[in-house]
Amino acid sequence: MPNITSLSDLANAAQTPRLVIKVGSALLVDKAGARRAWLEALVAEIAAAKQRGQDVIVVSSGAIALGARRLGLEKGGRGSLADAQAAAAVGQIALSGLWAELLGQHGLTAAQLLLTLEDLEDRRRYLNATATLGRLLDAGAVPVINENDSVATQEIRFGDNDRLAARVAQAARADVVLLLSDVDGLYDRHPSEEGAKLLPVVHGITPEIRAMASPVSGSGMGSGGMISKLQAVEIAEMAGIALVIGNGTQDQPLARVFGGVGTLFLPRGRKQARKAWLGGRMRLKGGLVVDAGAARALAQGASLLAAGITAVEGSFSRGDAVAIRDASGQVLAHGLSEYDAAECAALMGRQSADHAEILSYAPRSAVVHRDQLVMV
């Protein structure tokens, strides 16, 4: 794993062999349409990174905004789900064509991938995406990825491309995610407040760091804000991936970030690939509430036993991902349940010796085995 310690390391192919760059809607599109001149400059920077020997993946917003302008839809195409889906269907053609054209001017091949939440939440589909990304990068292409907004509904959406970028970075085994936004990075308070200070380096997400985030996207065009970016940091951190927030409104934004203007979030560790995927899941089928003793045991690396469960939430089947919470509601872990919800309810609070009689079959060793569990 490359040792990234500063923003300048992002321009070093040895330190950052593989980089994911997320570009927000407000950077790509204005009232007149696509900001072609700005995008041309960014693509030139991407081409320079490729020349240095770096793999680059682009996560590009902008399809809904572009399509809404083509169709004359109000509220930027976000007035209703039907409007957003229609705008995305039109805008994605224009967006992918623009990326392909501009990358092609530098001799680079663009590859389009449209993903939904389920593509990266389902383990088999996640591994398929990983294989596709790896092959494209090996062939020298620049994958350009967006959420498949023309078919995604509220229940199966990432909701913003910040978290999509972090999940793509996990799947692609990238070293850094760079979120280009309309701010320089994370400030200790809202950047409009007097005395607000940019934080150059952050080691892990703490309650104090979360308190600094603003939920507001300043442009009004995108769907994210600083809160979604910190959620992306947490997803990236699971896989030991660094994440950077930088200002894309400036000319040559990559050079500005590599020169030291931005916030670098350094991960505190790296989990195994399967556990990183599990910890980064955004859609969980249910939950298990545990007592203080079970919470302590989980923190020490133990499996979750039925005796420590005090409540079962939701409807889930064996093998589904569930949240494990303490009595206060705090999520302690994600895990794959060895039983369905009804069986968990029947077993909760009971000792292992009672399980065979309750279930009428030989019980499994744990409700959530430690090999299928990750602390978050």
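**Close-up views of a predicted model**

View 1. Residues are numbered from 1 along each chain as its sequence is written, and side-chain values use heavy atoms, with hydrogens and water left out. Ser61 counts as buried, because its relative accessibility is 9% (buried means under 20% relative accessible area, exposed over 50%, and partly exposed in between, with a 1.4 Å probe and protein chains only). Leaving aside residues up to four places away in sequence, Ser61 touches Lys22, Val23, Gly24, Ser25, Leu28, Leu95, Asn146 and Asn161, contact being heavy atoms within 4.5 Å.

**View 2. The annotated binding site.** In an unreviewed entry, UniProt lists Ser61, Asp149 and Asn161 under "binding site"; its positions are given in the numbering used here, feature names are shortened, and annotations may be inferred rather than shown by experiment. These residues span 101 residues in sequence, yet no two of their C-alpha atoms are more than 11.0 Å apart, so they gather at one spot. Asp149 lies in the loop between β6 (142-147) and α7, and Asp149 is buried, with a relative accessible area of 10%.

**View 3. The packing of helices α6 and α7.** Helix α6 (residues 123-138) packs against helix α7 (residues 161-172) at an angle of about 70°, and their axes are 8 Å apart. Axes are lines fitted to C-alpha atoms, for helices over the stretch in contact, and angles run from 0 to 180 degrees between N-to-C directions. The two helices, α6 and α7, are therefore roughly perpendicular to each other (65 to 115 degrees; under 35 is roughly parallel, over 145 roughly antiparallel, and the rest oblique). From α6, the contact is made by Tyr126, Thr130 and Leu133, and from α7 by Arg167, Val168, Gln170, Ala171 and Ala172.

**View 4. The open sheet.** Five strands form an open sheet with mixed pairing, in the order β12-β11-β13-β14-β15, where two strands pair if DSSP finds at least two bridges between them. The edge strands, each pairing on one side only, are β12 (309-314) and β15 (373-375), and the twist averages 20° from one strand to the next. Strands β11 (residues 286-290) and β13 (residues 321-325) run parallel and are joined by four bridges.

Conventions
This is a predicted model: local features need pLDDT of at least 70, side-chain atom pairs count only at pLDDT 80 or more; totals for chains, interfaces and linings use all residues.
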